[in-house]
Amino acid sequence: METLSLEAYLKEFDFRLQKYIPPPSDWTPAEQAIFQVPDPYRVELDSAKTMQFAAIRYAFQRHFEHNSMYRNFCLEYGISPPDICGPEDLEKIPLISDHFFKEHPPGRDFAAWIANIFTGELPRITIRQTQPSFEEVIQAFNAAGLVIAYSSGTSGRQTVIPRDRRTYNISEYAAARSAIAMSYPQWQYNMSGYLLMPNPFKTNVYAGKVCQVYFDAIEKVNVAIDRQIPAHIVRMAMSNEKGFQPTLIRFINRLSNIRMIDRIIHWLEMHEKTDRRIIMVGAPFLAWAVMNRLQKQGRRFDFGQRAGIVTGGGWKIYEGQRLPAAEFRRLAQETLGIQPEYCLDVYGMVEGNGWMVHCPEGHYLHLPYTYYKGMVLDNNYKPLSYGEWGRFAFLDGAALSYPGFIITGDMVRMLEHCPVCDRPGPVLEPEIRRASGEDMRGCGEEVRRMVSADIGGPNEQSGLST
Ligand SMILES: [Zn+2]
């Protein structure tokens, strides 16, 4: 197969994703930093620093001016836009805890809460119900053109992030572009894909929503979890609420989940006989369930260089057990014949629009440093230097509809350069943990809990054993 130049490769990608790109005359500094650069992970450090500062400073000024909640918060800290004069001042920008995005009241007050954290003008929102449910409030906003998505944690509280269509488009474009730039020259439009997540068109769960762009970047996409998933089901699954699945529902779910894994295997069988490139995208847990089933059946495929897996959302496979990513890559090679450099993991979260992607050479998570600044904080929320473990925080220039200056519940270690490849920007070490006391969450964990009761762990008699 003929290899496109990087320039032609990215041009083809932009052609497929043109509906995500606003007219250039309209670009904010973050959009310039995203739409204008060729490979986002190979931008020379000096110019990246200039772009990053412009993007974050613009976002800070925008939220300060158009979001009274955030402005008041900044004023408490005595920080306003004139204090942010150069890149060295970025760390002064007041950070919001990710807990803040979980502290929403029920009913109509929830709508007021969303309006309060939203930056800029909201469209007219119509809520017909007098006592609207969580999902009904979100649907009312989304019917008016917003893309509000949520993610659930084991505490039972949902993290809600109000994206406008523009911020959502930037985020989607950046996610896909990050992954395909890292996979150069493996991507092409006429590939076949399997989405190991809920159908993005049938859910407001972020785990699903975030993958909408996959349908524009790839010609043919199958979806593993194609049913509607209402908010209360995700919440119950995540918080282990009692009576989550009455026996009959559980039984039906179990059958449908076994069929789900069988359908994916059937799709692999079909593509074994074609010469199309294939790519699976989604929760590591589901890819693992497929590989585990193949292994139990003593079968293997040999896709070689024409297949890849892009995972995201966390590596928990069973309750209390993580699958090391290296073990996952070994299994992919053993059962599918997929080479380790074609198994890439993406680290991102519902609160942000920056995507940290594995480099194929070393599987370190590279930060998109032209518009997004990652930081590592100590227990007093003071920035630490490179090489130290601490809490991950970020300044996100691409969040235009809510202040994306956020302290997360994840523990990370950031390095100034990748120890393996020659891309110039900073990286996170691939092993990311939840900080103690933080509830367990993540898109992969949501998917795992929605289906895992039915697929079974190592010590369970599952319907999947052969
Ligand atoms: Zn690297």
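Glu-416 touches Tyr-386 and Pro-426, leaving out residues up to four places away in sequence; contact here requires C-beta atoms, placed from the backbone, to lie within 7 Å. The structure is a predicted model, in which local features need pLDDT of at least 70, side-chain atom pairs count only at pLDDT 80 or more, and totals for chains, interfaces and linings use all residues. Residues are numbered from 1 along each chain as its sequence is written.

Glu-416 lies in the loop between β15 (405-415) and β16 (427-428), where helices (H or I, at least four residues) and strands (E, at least two) are DSSP runs numbered from the N terminus. Glu-416 is exposed, with 12 other C-beta atoms within 10 Å. On this scale a residue is buried if 20 or more other C-beta atoms lie within 10 Å of its own, exposed if 12 or fewer, and partly exposed in between, with C-beta atoms placed from the backbone. The C-alpha atoms of Glu-416 and Gly-352 are separated by 21 Å, the two residues being 64 apart along the chain.

Gly-362 is partly exposed, having 16 other C-beta atoms within 10 Å. Apart from neighbours within four places in sequence, Gly-362 is in contact with Cys-418, Pro-419, Val-420 and Cys-421. Between the C-alpha atoms of Gly-362 and Leu-395, 33 residues apart along the chain, the separation is 26 Å.

The protein chain contains 14 helices and 17 strands. Its C-alpha atoms fill a box of roughly 65 × 55 × 40 Å along the principal axes. Buried residues account for 46% of the 466 residues. Of the contacts between residues at least 6 apart in sequence, 72% join residues at least 24 apart.

Mean pLDDT (the predictor's confidence in each residue, from 0 to 100) is 90 for the protein chain, and 92% of its residues reach 70 or more. Over residues 453-466 pLDDT stays under 50, and the model has 22 contacts beyond four places in sequence for this segment.

The largest nonpolar core has 127 residues, and those with the most contacts inside it are Leu-195, Leu-196, Met-197, Ala-224 and Leu-286. Such a core is a set of buried Ala, Val, Leu, Ile, Met, Phe, Trp, Tyr and Cys residues joined through C-beta atoms within 7 Å. Helix α7 supplies the largest share of this core, ten residues. Of the 18 residues in α7, 16 are buried. This helix (residues 165-182) reaches 26 Å from its first C-alpha to its last, close to the 26 Å expected at 1.5 Å a residue, the expected span being 1.5 Å times one less than the number of residues. Beyond four places in sequence, Leu-195 touches residues including Cys-211, Tyr-214, Val-221 and Ala-224.

Strand β10 (residues 343-347) is largely enclosed by the rest of the structure, because four of its five residues are buried. Strand β7 (residues 307-312) pairs with β10 in the parallel sense over four bridges, pairing requiring at least two DSSP bridges between two strands. Thr-311 has Asp-345 of β10 as its bridge partner. Strands β10 and β11 (residues 356-358) run antiparallel and are joined by two bridges, and Met-356 in β11 is the bridge partner of Tyr-347.

Definitions and conventions: Contact = placed C-beta atoms within 7 Å.
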